[in-house]
Amino acid sequence: MIDTLTIRRPDDWHVHLRDGTMLEAVAPYTARQFARAIIMPNLSPPVTSAAAAAAYRKRIMAALPTDSNFTPLMTYYLTDDADADDIAKGHADGIFTAAKLYPANATTNSAHGVTDVAKIMPVLERMQEIGMPLLVHGEVTDGDIDIFDREAVFIDRVLDGLVRALPDLKIVFEHITTDQAVQFVASTGPNIGATITPHHLHINRNAMLVGGIRPHAYCLPVAKREQHRLALRKAATSGSPKYFLGTDSAPHEIHAKESACGCAGIFNAPYALESYAAVFDEEGALDRLEGFASLYGPDFYGLPYNDERITLARSVSPVPEHLDGSGTKLVPFHAGSRLQWSIVPS
Ligand code: DOR
Ligand code: ZN
């Protein structure tokens, strides 16, 4: 039985760090574990210029402990009016690592998202040309589509056509939640990858709805049936370089979650790596954690591996019921339970 595991320091290829006091409260949790992270641009207002991204990056750095060695990788929020030249310049200047496609009104702060992918084809063509990755929130928003089907329908109505039209565009299908998404990604070339969250590996939709409505298990895309969770676990632990770590940690204050209309998002940053380690351990795949957490993401993005190492040990991490920070009360994923792995302080 493996009791300790030393791997290259991992990166988080999808995280919401927010802004203001929330940023101050949550950023240190991500920086504790990860060397780099892809920072989501769905602030209010969204990050739609290089100047806004550079200023946000500064605020992130200011929110970190001074000894922190963390690099935020910024993203551009695509709108119907996105300008290919601005994006290409921001990418060439090293400000934007990638651009994010939110279908309009798919999730938190996505009202300015893209209403029809056809409207941004010139931008996507340019991104293909310059090798800039497109990060996709893969859900349709059509009112006639059941919320549990929105990801699968997105593949048929949008993503499949996009991959055919722009066969060399690098695309990350973000936070996949279905067997259909796993299969789709598996059927495509190496320029199509996917991130998988800890929560979608741990919970199915029962966690949200059995025994009462549990808002802290609600996120988008919403957790699906057990068969899908099992498909995600298989993909994540398969050793395929197409699937890599992206927490989608998405904090909301407790009152915004525990509400008649609760916000979507699971705050998993505080124990993300311990949470993934539990899954890989349960699947007998601890030897594959490093690929998923620390190698396949950099491979996809064309970035170097981190030189630093991090050690995990089989020892209990008790997860508190809630965390406080900057006057903000937050409920972490796994609140009140005990994870069987811990990060050994370096
Ligand atoms: O659950 C989610 N929360 N899904 C998203 O896509 C956005 C995120 C947020 O920003 O709160
Ligand atoms: Zn997200």
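1. Within strand S7, Val172 is the bridge partner of Leu135, helices (H or I, at least four residues) and strands (E, at least two) being DSSP runs numbered from the N terminus. Strand S6 (residues 134-136) and strand S7 (residues 171-173) run parallel and are joined by 3 bridges, and two strands are said to pair if DSSP finds at least two bridges between them.

2. Some conventions should be kept in mind: this is a predicted model, in which local features need pLDDT of at least 70 and side-chain atom pairs count only at pLDDT 80 or more, while totals for chains, interfaces and linings use all residues. Residues are numbered from 1 along each chain as its sequence is written, chains are lettered from A and ligands numbered from 1 in the order in which they are written, and side-chain values use heavy atoms, with hydrogens and water left out.

3. The open sheet consists of 8 strands in the order S2-S3-S4-S5-S6-S7-S8-S9, with parallel pairing. Its edge strands, each of which pairs on one side only, are S2 (12-15) and S9 (243-245). On average, and with direction ignored, neighbouring strands of this sheet are turned by 30° against each other. Helix H12 (residues 289-301) lies across S2, S3, S5, S6, S7, S8 and S9, and runs at about 115° to S9; axes are lines fitted to C-alpha atoms, for helices over the stretch in contact, and angles run from 0 to 180 degrees between N-to-C directions.

4. The zinc ion (ligand 2) is coordinated at 2.0 to 2.1 Å by His14 (NE2), His16 (NE2) and Asp248 (OD), and these donor residues are spaced H-x1-H-x231-D in sequence. Donors are N, O and S atoms within 2.8 Å of the metal (3.2 Å for Na, K and Ca), and because water is not among the atoms, sites may look incomplete. His14 counts as buried at 1% relative accessibility, and His16 is buried at 7%, where buried means under 20% relative accessible area, exposed over 50% and partly exposed in between (1.4 Å probe, protein chains only).

5. His199, which lies in helix H7 (residues 198-202), is buried at 1% relative accessibility. Leaving aside neighbours within four places in sequence, its contacts (heavy atoms within 4.5 Å) include the zinc donor Asp248, as well as Cys219 and Phe333.

6. Leu23 in helix H1 (residues 20-33) is buried, with a relative accessible area of 2%. The C-alpha atoms of Leu23 and Ala63 are separated by 6.8 Å, although the two lie 40 residues apart along the chain, and Ala63 is among the residues that Leu23 contacts, as are Tyr56 and Ile60.
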